[in-house]
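Visitor: I have a model to look through and some questions about it. Can we go over it piece by piece?

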Amino acid sequence: MSQTWWRGAAIYQVYLRSFADGNGDGVGDLAGLRSRLQYLKDLGIDAIWLNPWYPSPMADGGYDVADYRDIEPVFGTLAEAERFIEEAHDLGIRVIIDVVPNHSSTESAWFKEALADPAARDRFWFSDEPLNDWQSIFGGPAWTQVPDGQWYLHLFAPEQPDFNWGNPEVHQEFEDVLRFWLDRGVDGVRIDSAALLIKSDTGYEDLDEVHDVYRRWREVADEYGERILIGEVWLPDQERFARYLRPDELHTAFNFDFLSCPWNPAELRRVIDLTLATHTPIGAPPTWVLSNHDVTRPVTRYGREDTAFEHGGRLHGTPSDLELGYRRARAAALLAMALPGSVYVYQGEELGLPEVEDLPDELRQDPMYARSGGTNPGRDGCRIPLPWSGDEPPFGFGTGSGTGTPWLPQPESWRKLTAEAQRTDLGSMLNLYRDALRLRRDLLGDGALTWLPLGDEVLAFTRDSGLTCVTNLSPDPVPLPAGRLLLASGPLEDGTLPTDTTAWLTRD
């Protein structure tokens, strides 16, 4: 892997509420995460990215942050977070945290002060009447009225008031927050909704002034050595996207074009080529992402007739052939890991978990569900607590003596997908990920690729190390190029690569 660790890293996303429960209350926490660090070490990842772990009313799963300088009590304590960072570092695992600069929480000290004193409202967007007809990304109006008659802006839930980045206090606050955590040893910061901070009379997405924010943040990060800034940037315009990755701004940004791409050879080739063409001229490494805490899990998505992903059309309840989706998800994993740059693994992806779509409505907690009047099922289905061991729920989600009912229910069918069940199955998804991540560390990561001409429905390329990756999206088996087989996502057929299968080969 590159000497600059983040350029080729394998980064594992931890949604803390659903990873592992260390005290038996049914909610994942730092104690549970710390108890599973060896699992992550054995998996072969280089860094952990944690979703927000700060004090929060949890109106949006922690993305309504009330206090950046502490830990949500349900998850643990600040001292425990510091111990976790130290223990992860001892295992050679770096730590990336989440910040949410677009908005706050109605329970934050600043917003409470604003409600009590109208003179303190300039840190947010308050007005005597709604300034426009903007709609919340979660559904419904983006303006909510307070008791004295004024209105405030929230691009997400009403519990998430937007900051006014025209106020210097907001700039200073977030620079201080960055230093607070960098001083505690975190290795990077993922920036939520990174393109939405600046508002104008006409819009709020990707306005030029947002880059001034990240130039200053880069100066702060560079004071600490190899610490990184990662942007959540959803933009269709690749030229605009690339501006966030200039040498004095963010180090990397999530590749949502790849994540959203259908399982189609022409589209995948187009997205890969476009990604490389966007990143190479500015010297930034691409990122490759198949799923996260906001996205339908690949096993379910790839088993549908429409395998693309769009936030506005989650295709909830659309029939899915999970056996087909599982085979494609394995092939997609090896394809993503072989591409140049860094790769992200969302917790449970390595277990082949499907989306849980039959949650009872009364248990759904995602504000997308409530704000849409139930027309959007929300993102709870990809946030179900992980199955670790045993034959019935809670599948070892509570470590030690913890037996509390998980905050979202797990399907009985997951008994075959627990980490324990897969550990000794050489053909399991878990062992595929372990093998791939081990090989990737030595042979892949940062660099370049050279395409091989194996047909329009076969994606084949060679990497700098000599490793060749072949993904067959044609309906028939195809012959493999010369080389020694290192790994395949499924069994070969008389030496040929079956449909929806990926193989890695080497020359020696």
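**The loop between H12 and H13**

Guide: Phenylalanine 395 lies in the loop between H12 and H13. Bear in mind that this is a predicted model.

Visitor: Is phenylalanine 395 buried or exposed?

Guide: Phenylalanine 395 counts as buried, because its relative accessibility is 0%.

Visitor: What about the phi of phenylalanine 395?

Guide: Phi is positive there, about 50 degrees, although phenylalanine 395 is not a glycine. Most residues other than glycine have a negative phi.

Visitor: What kind of peptide bond joins proline 393 and proline 394?

Guide: A cis one, with omega about 15 degrees. Proline 394 is in the loop between H12 and H13. As a rule, most peptide bonds are trans.

Visitor: And where is glycine 381?

Guide: Glycine 381 is also in the loop between helix H12 (367-371) and helix H13 (419-423). Glycine 381 is buried, with a relative accessible area of 3%.

Visitor: Which residues is glycine 381 in contact with, leaving aside neighbours within four places in sequence?

Guide: Pro354, Glu355, Val356 and Leu359 are in contact with glycine 381.

Visitor: How far apart are glycine 381 and leucine 335?

Guide: They are 25 Å apart in space, C-alpha to C-alpha, and 46 residues apart in sequence.

Visitor: Changing topic. Where is serine 193, and what is its phi?

Guide: Serine 193 sits in the loop between strand E7 (188-191) and helix H6 (210-222). Its phi is near 45 degrees, a positive value in a residue other than glycine. Serine 193 counts as buried, at 8% relative accessibility.

Visitor: Now the core. Which residues touch the most other members of the largest nonpolar core?

Guide: Trp53, Phe84 and Trp504 do, in a core of 145 residues. Helix H11 (residues 322-338) gives the most to this core, with nine residues.

Visitor: What does the second core include?

Guide: That core is separate and has 11 residues, including Ala142, Phe156, Ala157 and Leu196.

Visitor: Back to Phe84. Which helix holds leucine 37, and what is leucine 37 in contact with?

Guide: Leucine 37 is in helix H2 (residues 37-43). Leaving aside neighbours within four places in sequence, leucine 37 is in contact with Phe84, and also with Ile48, Glu87, Ala88, Leu91 and Ile93. Leucine 37 is buried, with a relative accessible area of 3%.

Visitor: How far apart are leucine 37 and leucine 245?

Guide: 208 residues in sequence and 31 Å in space, C-alpha to C-alpha.

Visitor: Pockets next. What is the volume of the second largest pocket, and how many residues line that pocket?

Guide: The second largest pocket has a volume of about 200 Å³. Its lining has 13 residues, with Ala66, Asp67, Tyr68, Ser108 and Glu173 nearest the centre. Helix H4 (109-116) and helix H5 (168-182) are the elements that give two or more residues to this lining.

Visitor: How does the lining of the second largest pocket divide into nonpolar, polar and charged?

Guide: Seven residues of that lining are nonpolar, three are polar and three are charged.

Visitor: Staying with H4, which of its residues are buried?

Guide: Trp110, Phe111 and Ala114 are buried in H4. Seen down the helix axis, the buried residues of H4 fall within an arc of 95 degrees, so they line one face.

Visitor: What does the face of H4 turned away from the buried side carry, and what covers the buried residues?

Guide: The face turned away carries the exposed residues Ala109 and Ala116. The cover over the buried residues of H4 includes strand E4 (126-127), strand E6 (151-153) and H5.

Technical notes. Residues are numbered from 1 along each chain as its sequence is written. This is a predicted model: local features need pLDDT of at least 70, side-chain atom pairs count only at pLDDT 80 or more; totals for chains, interfaces and linings use all residues. Side-chain values use heavy atoms; hydrogens and water are left out. A nonpolar core is a set of buried Ala, Val, Leu, Ile, Met, Phe, Trp, Tyr and Cys residues joined through side-chain atoms within 4.5 Å. Buried means under 20% relative accessible area, exposed over 50%, partly exposed in between (1.4 Å probe, protein chains only). Helices (H or I, at least four residues) and strands (E, at least two) are DSSP runs, numbered from the N terminus. On a 1 Å grid over the protein atoms alone, a cavity is a set of points where a 1.4 Å probe fits but cannot get out, and a pocket is an open set with protein on both sides within 12 Å along at least five of seven lines; lining residues have an atom within 4 Å of a point. Grid points are joined across faces, edges and corners, and a volume is the space filled by probe spheres set on the points. Ala, Val, Leu, Ile, Met, Phe, Trp, Tyr, Cys and Pro count as nonpolar, Asp, Glu, Lys and Arg as charged, and the others, Gly among them, as polar. The arc is that of the directions from the helix axis to the C-beta atoms. Contact means heavy atoms within 4.5 Å.
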